[in-house]
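Dear colleague,

I am passing on the structure we talked about, and I would be glad if you looked through it before reading my notes.

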Amino acid sequence: MFFFRNKEDEKHLLDFKSKYAIKKVMFGAVYEKVYDKFKDGKKVCRFCGKNSDEVTFKQKTHIIPQLINRSLPVSNFECDECNPKFSKYENDFSSYYLLHRAIFGHKRKKPGLVKLKTKVGVEIQGVDKTKENLKELNISDSEIDEILNSNRSIVKLLADPTDEGVKIEDDGEKLTLTTERQKYKPINVHRTLLKIALSLIPQDEYGNYKSMLNILNKDFDGLEKDLFSITERSLPKYNSYFKIPTVIHFDRINPEDNHPQKLFVLYMDNKIIQIPVFTDNDFDRIHKDKENYRIWVVPPHINPITLVNEKPDFAFHMDMVRLPFKQIDLSSIELVKGEKDSITITRNKSPELEEKDLRILKGEIIDEPKDSQYWGFGLHPEYFDNHVDIKIIFDFLAPVSKTEHTYLIAGCYYRINNLTKEEFEKNISGIEDLILMSMTHAFKMYRQKFPQFEHVELKPFSKKFFQAEIIRQMDELEKNKDGSI
Ligand SMILES: [Zn+2]
């Protein structure tokens with residue numbers, strides 16, 4: 001169940017689904033082997049093409065770098081010459097995302113959590129939540145117990161506020177922490193993601209990606225920015241929605257379409273990071289035939305949580321649809337020094353749906369035949385400073401015999417916290433989903449009220465039928481409030 005901010009988001013999702021299909025989902029916390037098949041038992045490295053006569057394959061090679069919260073999946077097609085080379089790329093990735101990884105308390109390859117340490121002595125590190133560790137932080141025993149029983153994360157920041165190495169801005173609403181990023185080579189950040197992508201491409205398709213493989217192995221000046229940019233969304237919250245790093249491989253459905261064959265997305269804590277991956281044929285179309293290309297941004301509604309969890313989660317979806325994205329150009333092969341990196345955490349809370357009351361207002365059997373089922377609804381929102389109360393009155397009529405029909409009126413009362421009137425009114429699809437929920441509840445209440453009519457099939461309505469009615473009722477409410485006709 002999705003809650004859309006607006007019609008454009010919904011259209012984006014539908015359009016995207018017509019262009020791309022999910023080919024593979026890899027969870028960093030699940031041990032998985034991605035193995036190539038080899039002829040004559042002779043291994044071949046996917047990345048340099050050398051075989052086991054020329055190179056060894058002794059090391060354990062990880063698909064998602066271990067530095068991303070100590071991910072587990074491994075492969076059998078990375079040789080012992082390539083592995084240390086990719087570790088160097090990963091150092092740049094590590095530097096680029098160090099503040100993030102320290103704040104979100106990533107595990108390191110070695111035991112312990114990631115620590116950011118600057119020359120001037122600033123230290124940021126997540127705290128493993130044990131009683132002993134928390135005691136060191138000078139907090140009371142009751143607070144320690146509270147932290148241990150909550151899903152709150154703790155991060156330790158050591159800095160002199162007059163230090164130039166760190167800047168903390170806190171306006172009560174949001175907190176921004178800025179430090180200097182360690183030096184890094186942009187293309188290597190990209191390559192770290194590209195290597196994950198190339199590892200996830202099925203063996204029988206792999207031969208179509210020689211150009212991408214070249215970029216992985218050799219430095220090229222003046223790479224096209226658009227093609228080597230990543231798209232990143234960050235939820236401005238200290239909330240690790242994607243605690244388990246996850247990679248999703250999206251595959252273009254129609255090979256004729258003018259967008260890259262593959263999109264790979266890494267979901268990491270509060271971040272969604274996407275790279276495009278082009279086939280050699282895609283490259284020819286762009287460079288030789290000068291075709292215009294469009295890189296689709298994967299809608300945030302498609303993510304590991306919605307894939308595994310069917311339950312509606314109003315707050316999560318509202319957060320997802322609010323996410324802006326930015327393009328980050330990682331095409332440069334020049335070392336970047338002294339760049340600022342910052343992280344913003346907002347205090348404002350997500351919308352939260354509370355079910356206040358569900359009740360049958362009327363339920364009776366009427367001696368009168370009816371041809372078909374009928375249902376209707378009435379919306380009664382009430383707005384407050386920081387929440388919206390909404391009553392949905394749902395009435396339902398169903399024929400049960402040649403001479404009788406049943407009639408039910410059900411009231412569903414919800415409160416949505418942390419939502420303004422404006423946000424509520426804009427989110428027509430959210431209202432549609434509330435009505436869907438009410439309908440489900442009303443059907444349950446019908447079964448309770450009329451257990452003897454178990455055989456009556458209750459027909460749910462598709463939400464596309466009531467969109468116009470929602471808009472009509474919302475307009476009506478607005479007019480009545482203004483006192484105009
Ligand atoms: Zn190799």
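This is a predicted model: local features need pLDDT of at least 70, side-chain atom pairs count only at pLDDT 80 or more; totals for chains, interfaces and linings use all residues.

The protein chain is divided into domain 1, made up of 7-25 + 216-346, and domain 2, which covers 352-482; the C-alpha centres of domain 1 and domain 2 lie 38 Å apart.

The part I would look at next is strand 18 (residues 387-399), whose side chains alternate along its length. Strand 18 pairs in the antiparallel sense with strand 17 (residues 374-383) over 10 bridges, with Gly-378 standing opposite Ile-393 of strand 18, and the two strands are joined by a hairpin through three residues. Strand 18 is also joined by 13 bridges to strand 19 (residues 405-417), again running antiparallel; here His-387 stands opposite Asn-417 in strand 19, and the hairpin from strand 18 to strand 19 passes through five residues.

Helix 12 (residues 428-449) has 22 residues, which at 1.5 Å a residue should span 32 Å, and the end C-alpha atoms of the helix are 31 Å apart, in agreement with that expectation. Its buried residues are Ser-429, Gly-430, Ile-431, Glu-432, Asp-433, Leu-434, Ile-435, Ser-438, Met-439, Ala-442, Met-445 and Tyr-446. As a reminder when reading that list, an α-helix has 3.6 residues a turn, so residues three or four places apart point the same way.

Strand 3 and strand 4 (residues 74-75) run antiparallel and are joined by two bridges, and the bridge partner of His-62 in strand 4 is Val-74.

The other has the order 5-6-7 with antiparallel pairing, and its edge strands, strand 5 (115-117) and strand 7 (155-158), each pair on one side only. Neighbouring strands of this sheet are turned by 5° against each other on average, direction ignored. Strand 6 (residues 123-126) is joined to strand 7 by four bridges, and Glu-123 stands opposite Leu-158 in strand 7.

Methods
Residues are numbered from 1 along each chain as its sequence is written. Two strands pair if DSSP finds at least two bridges between them. Domain bounds come from an automatic or database domain assignment. Axes are lines fitted to C-alpha atoms, for helices over the stretch in contact, and angles run from 0 to 180 degrees between N-to-C directions. The expected span of a helix is 1.5 Å times one less than its number of residues. A residue is buried if 20 or more other C-beta atoms lie within 10 Å of its own, exposed if 12 or fewer, and partly exposed in between; C-beta atoms are placed from the backbone.
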